[in-house]
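Here are my notes for a colleague who is opening this entry for the first time. Keep the viewer open while you go through the points.

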Amino acid sequence: MFAARTLLARITIPTSFLHTCRSIAAGISVLALCLGVFAPMTAVAQGYLSMNGRNHPEINWRQAETEHFVIVYPNRIAGVEVEAAAVAEETYAALSSNLGVSFDKKIRIYLSDEDEIVNGFAVPVGTGHTNIWVHLNDAAEVWTGPDKWIRKVVSHELAHIFHYRAVRSRFRPFDLGLALPRFWTEGLAQYQTEKWDAYRGERWLRTAVLDDRLSYNDGRSVWNGRLLYSVGNAQVRYFATQYGDSTLARLLSHRRRVFPGVRIHDFGYAFRSVTGESYRDFYDKWRRHINVQYNTLAGQMENADSLGVKPAAIPGQYIRDFGASTNGATQAVVSLRSLDRPLTQLLVRSGRSKDWRVVVDGAVKDQISVAPDGSKVAYTRQVRGENGSLLNDLFLVDLTSGRRTRLTHSRRAAFPSFSPDAKRLAFVGSYRGTGNLYVLDLNSGQEARLTDFKGDSQIGRIDWHPSRDIIAYGRFDAEGRRVIETANVSTGEVKSVTDGQHDDRRPLWSPSGEELAFTSLRDGVPNVFALEPGTDTATRRVTALATGADAFDWTPAGSLAVRIAYSKVRDQLYMIPGARIVPEPEPDLPPGFGDWARHRPPAVVPSRVAVRPEVVTKRTRYNALSNLTHVFSIAVPYYTSTDNYGLTGITAWTEPLGKHSLGVVLAVSATDPLRKSSVQVAYINNQYAPLIQTVVQYLPDIVRPYGNELLRERATKVSLTTRWPLTLTSAPYVRSSISLRTRYVDVEPLNEDIFSDGRLPQPEAGHQADARLSFRVTRQRPYRHNVVHPLDGVGLRLRAMAGLRSFSGRTGFVRLGAAAYGIMPAIGNSRLFAYGRVQYQRGETLAQNFIGLSRYDEFQLLAPDILEISFSDVERVRGYREVVVGKSVWFSSIEYRVPVARSLRTQLLGLVSFGATSVSVFADGALVYPEHALRNGDRRLGVGVELKNAVSIRDYITIMHAAGLAQRAGDVGTDKHELYYRIRATVPF
């Protein structure tokens, strides 16, 4: 599993700037500036904050050492390190034996309970380290099989680190693209540490094969990520059965000579060398094998057509849950709207209405509960809790008023279920990874604990009996058994319903309360069963579908609402008779088919690992700074002119929790080391609640666009930026922060004479110290084409800046600014975009740092919530090519945007692809006042049309570029126009 923080780039490069920038020195200076600041950000993207955006200074980090590992953990969950240590050492023994790999330094394992994120990731930096979230009740629902979370995730992530070590070269990390194709990386980790099971392989692979959609890169399924794991898992197992585990180890140890003294692991080349066939030939053979296997199996089981009913008309592409009130008045569904618009919405319909209405728009988790009278729905969302942690909490929506109420705060609560009188709500609460049942009184707000489970025990979905105080639930106990049990609300008595021989989950009481339907994964995919608790009646099979079915709820009429993966691209909901009975399938596969799924490596990590406290040999306080780790370094010669050439390099360092990150860019001139060498240092500190970034730069010749030319400057800059993330609301998709930047700049123009014509303030030498306070809040819901054509979004930014141009205080300035934007619906998917900005300045800055209007769209790089790089802070009215300088600027832009193509289906050299396209008509307007009084302003109004397109570079970064035609409003109807090209984001911040 991997995680990385997404960095969005916004780059605006005027055409004439590109034409003018013939000097290689200019290109190198801009590139060095970007690399110097982004190097530490790349390093920071690997800590927990890459997923949660918070630093958590309240955590007291400790470390425990074993023979081969250093395990870092919060002191508040002490004890988890002992569990992880035993699993890690067992995994080390198995993987070193299977892969022939050992380590000369201890591997670092980081554990944290700061969020409820069921994930972990491994990082190929230094010896390698892994960050893992622990104490997660959700693991009971998210995964299948008997392995407990610590056992599953620690072994899996260590397998990645062993894989990194097996294939690494001196050229790391730049060889990872050839050495580590992701499907094979994930497949190897699963094969080495896990059994083949439903959610790690069978369900997703079987559905994709029967759907004849085996590609996990087609962008057509929400399950493509899981399919990637499944394909890799199946291929590595099939490879081991065909060629043997020793061949697998030889494949990983193979190296290819690419340069003198440089040997790397090239997966495709190594595959052919050790097997005698290409990977493509192997893939075709594997694909034919699994096609025969799964189509033979499907012929002996049910398909959706055999259910005898038509699918219900449910909105959304993927169905997460369905519920119905016992009086039949209300139905509710949680569904993923579409892959293009991946909003998990809660929708309801009442009575006999066929129309569904959205009552909660986005970020709803799977289980819901509809009140028996149909008046309200309880649901779970992951929201910001204590210290900014991402935690599960309960919410309630009143269907009459539409009012939404947060019922719990930082409770780690999920899986709600109403009592028969709708006055109480049962839920699963989690503490240190142990799930228990609780009952919340909706009138008083008081909760009572119902069960008293201890240790590594989790609870999944629950259901309250329709007429009695009995709650049924699925439990993943400390021994790795998955059982269905009932708990009496009055007495607390717990009774077992199933024996734990199968993976049974999601119990549902029938309308009469006499039967429990449940979902079982005994077929390798989910299917529905039913039984009568407390009787000797045999368990009844309700479905035997080849691709599986999940039971969601009973209807008052006695039907079962079941979800079926009709294909990998869409779910369907069927209302099948609750009394349905089908015989047990008896699949009969040809000899040799399916053997790969049972194949295990020579040394196996036990499913149950006994805790051995003696494995831990030492405990100490964790020192973040001493764990600063080298990420990469590279140095190359540079040449800008006959009097300036030398050696330039970059180095990046990080600490695995992201507490410290450092990037340095150095260029040493061979001709004049003292005057022409440059250095840039960027350091990020995340030890405290805010992010603190320090940047120090000495740039002997840096360029930036200024008017019609390039301004060359010698600059020394020191800045300190502090950014506090804020939690203003529990509403989803809202990002807010407040930041303070203090800066000192000392500049000397190198070509100021070319700007002496009076059209622009002539650049001047001097120094300036300033401070800028900023507040920003934005909200934008996810959409596949947000880069080019967002369907909604609002933002507000406020800034106040003050500075001095001399330390005596005689020359200072104040600059105030406000900006806002909004995207509003229009016809169909067309949108109206509006943006407004006001800037006001009193006093004098350095002349070249004026406010006003630019001739060109300015060069700018944005990384949300981290930093912003720009050469100026001015807007442009399209259609005008003259610079205007003033003391206050009032700018606005309106665009009517229309999508025209989802993709241009064009690639260049296999590296650059062109995606979604939209066209817009726009009007830009501005007023620039030369003095503080709002009189004698320069008025501008430009109109035109612009074509926007998304361009992706190997799917690593996607930006928007645009070409347009603009005119001054007074020139409309004439041949006076401007053709322009720019690369710019569709929202300003």
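1. A word on naming before anything else: helices (H or I, at least four residues) and strands (E, at least two) are DSSP runs, numbered from the N terminus. With that in hand, asparagine 233 is found in helix H10. Leaving out residues up to four places away in sequence, Asn233 touches Gly187, Gln190, Tyr191, Trp196 and Arg200, where contact means heavy atoms within 4.5 Å. Leucine 214 is 19 residues from asparagine 233 in sequence and 14 Å from it in space, C-alpha to C-alpha.

2. Some ground rules. This is a predicted model, in which local features need pLDDT of at least 70 and side-chain atom pairs count only at pLDDT 80 or more, while totals for chains, interfaces and linings use all residues. Residues are numbered from 1 along each chain as its sequence is written, and side-chain values use heavy atoms, with hydrogens and water left out.

3. Now the whole protein. It has 15 helices and 52 strands, and its C-alpha trace spans about 100 × 70 × 55 Å along the principal axes. Of the 989 residues, 57% count as buried. Among contacts with a separation of 6 or more, 60% come from residues 24 or more positions apart.

4. On charge: the mean positions of the 121 positive and 98 negative charges are 4 Å apart. Lys and Arg count as positive, Asp and Glu as negative, and His and the chain ends are not counted. Each charge is placed at NZ of Lys, CZ of Arg, CG of Asp or CD of Glu.

5. Which residues touch the most other members of the largest nonpolar core? They are Val154, Trp184 and Leu205, in a core of 98 residues. Helix H6 (residues 149-167) gives the largest share of this core, eleven residues. A nonpolar core here is a set of buried Ala, Val, Leu, Ile, Met, Phe, Trp, Tyr and Cys residues joined through side-chain atoms within 4.5 Å. Beyond its neighbours within four places in sequence, leucine 205 has contacts that include Trp196, Leu214, Leu227, Trp286 and Trp596.

6. Look at helix H11 (residues 245-253) next. Its buried residues are Asp245, Thr247, Leu248, Ala249, Leu251 and Leu252. They pack against helix H4 (80-99), H6, helix H8 (182-193), helix H10 (224-243) and helix H12 (267-275).

7. Glutamine 293 lies in helix H13 (residues 279-298) and is buried, with a relative accessible area of 6%. Not counting residues up to four places away in sequence, Gln293 touches Leu589, Phe593, Gly594 and Trp596. Glutamine 762, by contrast, is 77 Å away, C-alpha to C-alpha, and 469 residues along the sequence.

8. Two backbone angles to check. Most residues other than glycine have a negative phi. Histidine 56, though, has a phi near 55°; it lies in the loop between helix H3 (49-52) and strand S1 (61-65) and is buried at 2% relative accessibility. Arginine 412 has a positive phi of about 50°; this residue is in the loop between strand S15 (404-406) and strand S16 (413-418) and is buried at 17%.

9. Last, two loop residues. Is serine 830 buried or exposed? Serine 830 is buried, with a relative accessible area of 8%, in the loop between strand S41 (812-825) and strand S42 (831-843). Arginine 897, 67 residues away in sequence, is 5.6 Å from Ser830, C-alpha to C-alpha. Threonine 617 counts as exposed, at 60% relative accessibility, and sits in the loop between helix H14 (595-598) and strand S31 (618-621). Leaving aside neighbours within four places in sequence, Thr617 is in contact with Glu65 and Thr66; glutamate 65 is 552 residues away in sequence and 5.8 Å away in space, C-alpha to C-alpha.

Note on methods:
Buried < 20%, exposed > 50% of the residue type's maximum accessible area, 1.4 Å probe, protein only.
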